[in-house]
Amino acid sequence: MIDKFLKNSYGISDRVLELAKIADQKAAAAYERADKICEYNSLRVLKAFGDHNVSEAHLGATTGYGYDDLGRDTLDNIYAEIFGGEDALVRHNIVNGTMAIATCLYGILRPGDTLVAATGKPYDTLEEVIGIRDGSSGSLKDFGVGYRQVDMIDSKVDYDSLRASIDGTVKAVIIQRSKGYDWRDTFCVDEIGEIIKFVKSINSEIVCIVDNCYGEFVEDKEPCSVGADLIVGSLIKNPGGGLAQSGGYIVGTKDAVEKVSYRLTCPGIGRECGASLGNNRTFYQGFFMAPHVVCNAVKAGVFCSALFEELGYEVNPASDDVRSDIITSIKFGNESSLIAFCQGIQKGAPIDSFVVPMPWDMPGYENQVIMAAGAFVQGSSIEISADGPIKPPYVGYFQGGLTFETARLAIMVAAQKVIDCNQN
Ligand SMILES: *Cc1c(COP(=O)(O)O)cnc(C)c1O
């Protein structure tokens, strides 16, 4: 029944249908692992809702100054508890992950301090925040904050260089969990714990900040549980559960979160103000759904790896690797395959499936970039999406999928398009 539908409605060939079945068999153990983590995290969230007596009143809105916003303050506490911190800021007016990270950096660092990046060059959008891209106004560099970068060796932290980079001026170290747009392994939470332990063994006062984007709920714990002082992410990725329409979160120690709160609003006000407007309902519901939605995205990633392994491509992570984020990268080796892949993913998206994405000159990127996105929330990448820079070795990055079933279809359509384009 399903195969016939896939064939007739989406032109999936017998070969891809066959390979998809093999991929599912290969992926069975990884699917099961994801289901177990999903169950555990879902139950933890449910219990936290109960322990905090979440009720209809929490889902309502405040306006104006937003004093005594019960929903906002309780959700902060729930995030803190679930992510292993002491305190949290979950806000719709943190406009994206970049702002969440920047708010932490500006909240913690002072003129004369130094920031160290322990896992190589941070995510592209942070270059202007740090001031390593020319012409960025208002960067940390503008404010007299220094920066040192410890590049990785073979996907691993260069501990000797990290030690050498830490002197008395170093106030904060930033660690990026997810690979972002690099071909490297994602750090699992325990590995992040080792990095933090190492940094703290040199100076326990150093604030360890983890860019946790794309990692939330992929494992059974988050980096605050292994010593991170601050962890940060976007609500239009994992923890928003596909329902949050905007926002970011910051979780960490009481002291660090308080400092950051004075940057988020202003000194003296901190977390006392900030109306939630109408966002509490989707933030609660999204967080409730998030473990399940992330599980769907993880399984979609596993299926994607398994199917493209069967087609002979190098993928990262492999289908049987333990995952710590929702990104799957595929080395296509030529431009037309990368484009065909993204166009296939677009065809399997719920919104804008009729659109054919093409490479374009995206501001801030050296090469042309192709992006497939068909999301209910603009730019949301817990929803199905794929992208890649048009340059060798033509790596495509796949992430998201609100439901496994529909993401699996999109991946099959993409595989079919890649096969077809290489036959012509
Ligand atoms: C998405 C992401 C960010 C932040 O990106 P925004 O588009 O600003 O939300 C930062 N770091 C990593 C690793 C990411 O994946």
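**Close-up 1. What Asp69 touches in this predicted model.** Skip the neighbours within four places in sequence, and Asp69 is left in contact with Thr62, Ala275, Ser276 and Asn280.

**Close-up 2. Where Asp69 sits, and what its side chain reaches.** Look in the loop between helix 2 (14-51) and helix 3 (70-82) for Asp69. From there, the Asp69 side chain gets to the backbone nitrogen of Arg72, at 2.9 Å. Is Asp69 buried or exposed? With a relative accessibility of 1%, Asp69 counts as buried, because the cut-off for that label is under 20%.

**Close-up 3. Strand 7 and its two partners.** On one hand there's strand 1 (residues 87-91), which runs antiparallel to strand 7 and is joined to it by five bridges. Within that pairing, Leu89 has Ile250 as its bridge partner. On the other hand there's strand 6 (residues 230-234), also antiparallel to strand 7 and also paired over five bridges. Here Ser234 stands opposite Gly248.

**Close-up 4. The two faces of strand 7.** In a regular strand, side chains alternate between the two faces of the sheet. So which residues of strand 7 go on which side? Gly248, Ile250 and Gly252 are on one side, Tyr249 and Val251 on the other, and all are buried, leaving both faces covered. That's five of the five residues in strand 7 (residues 248-252), so the strand is largely enclosed by the rest of the structure.

How values were computed. Residues are numbered from 1 along each chain as its sequence is written. This is a predicted model: local features need pLDDT of at least 70, side-chain atom pairs count only at pLDDT 80 or more; totals for chains, interfaces and linings use all residues. Side-chain values use heavy atoms; hydrogens and water are left out. Buried means under 20% relative accessible area, exposed over 50%, partly exposed in between (1.4 Å probe, protein chains only). Helices (H or I, at least four residues) and strands (E, at least two) are DSSP runs, numbered from the N terminus. Two strands pair if DSSP finds at least two bridges between them. Contact means heavy atoms within 4.5 Å. A polar contact is a pair of N or O atoms within 3.5 Å; within protein, one must be able to donate a hydrogen and the other to accept it, and residues adjacent in sequence count only if both atoms are side-chain atoms.
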